[in-house]
Amino acid sequence: MLCGDDFTEPPYSHSQISELLMKLSQTGAKRIVGTGIESESHPGQIGCAIYDAFGGNANLFFSPKTEGNFPGSGDVFAASFAASFMSGKSFADSVQIAMGFTGESVAKTELAGTERRYGLQFETQIPNLIKAVRKNATS
């Protein structure tokens, strides 16, 4: 919708994902993260598509998909991405760290069997996030 295209149901081809990233970059965005990406080449997985105009590269990252909706997962992703990026991690590394933290939080929530409308159980995963952010840190 941001690019003037009609919505199409996933999964998406690699060329569709790349085209969307390029169209979004034409809006002036220098770094783009698309979440919830379902690709034809990665069935049963969910991912992020990224574009970094500063490096001129695009990447796709995938992890196992848990069916259903998890309210708050976007907030958890955004917060963990921001923590990582503001701590000096690269754009791509920050996306991967956020994917891992969000995925672990979704798995923990699924395992606990709590009502999803109450949000993700991310608190017990915070030590893992801290370790990932500090890994290979230069200080």
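**Contacts, burial and a helix**

Student: Which residues is Thr 109 in contact with, leaving aside its neighbours within four places in sequence?

Tutor: Phe 70, Thr 114, Gly 119, Leu 120 and Gln 121. Contact means heavy atoms within 4.5 Å. This is a predicted model: local features need pLDDT of at least 70, side-chain atom pairs count only at pLDDT 80 or more, and totals for chains, interfaces and linings use all residues. Residues are numbered from 1 along each chain as its sequence is written, and side-chain values use heavy atoms, without hydrogens and water.

Student: Why is Thr 109 called buried?

Tutor: Its relative accessible area is 2%. Buried means under 20%, exposed over 50%, partly exposed in between (1.4 Å probe, protein chains only). So Thr 109 is buried.

Student: What lies 2.8 Å from a polar atom of the Thr 109 side chain?

Tutor: The backbone oxygen of Ser 105. Thr 109 itself sits in helix H3, residues 91-112. Helices are DSSP runs (H or I, at least four residues), strands likewise (E, at least two), numbered from the N terminus.

Student: How do you know that the span of helix H2 agrees with its 14 residues?

Tutor: The expected span is 1.5 Å times one less than the number of residues. For H2, residues 73-86, that gives 20 Å, and the end C-alpha atoms are 20 Å apart, so the two agree.

Student: Which residues of H2 are buried?

Tutor: Val 76, Phe 77, Ser 80, Phe 81 and Ser 84. They lie on the same side of H2 because their arc (directions from the helix axis to the C-beta atoms) is only 125 degrees. On the other side, Asp 75 and Met 86 are exposed.

How values were computed
A polar contact is a pair of N or O atoms within 3.5 Å; within protein, one must be able to donate a hydrogen and the other to accept it, and residues adjacent in sequence count only if both atoms are side-chain atoms.
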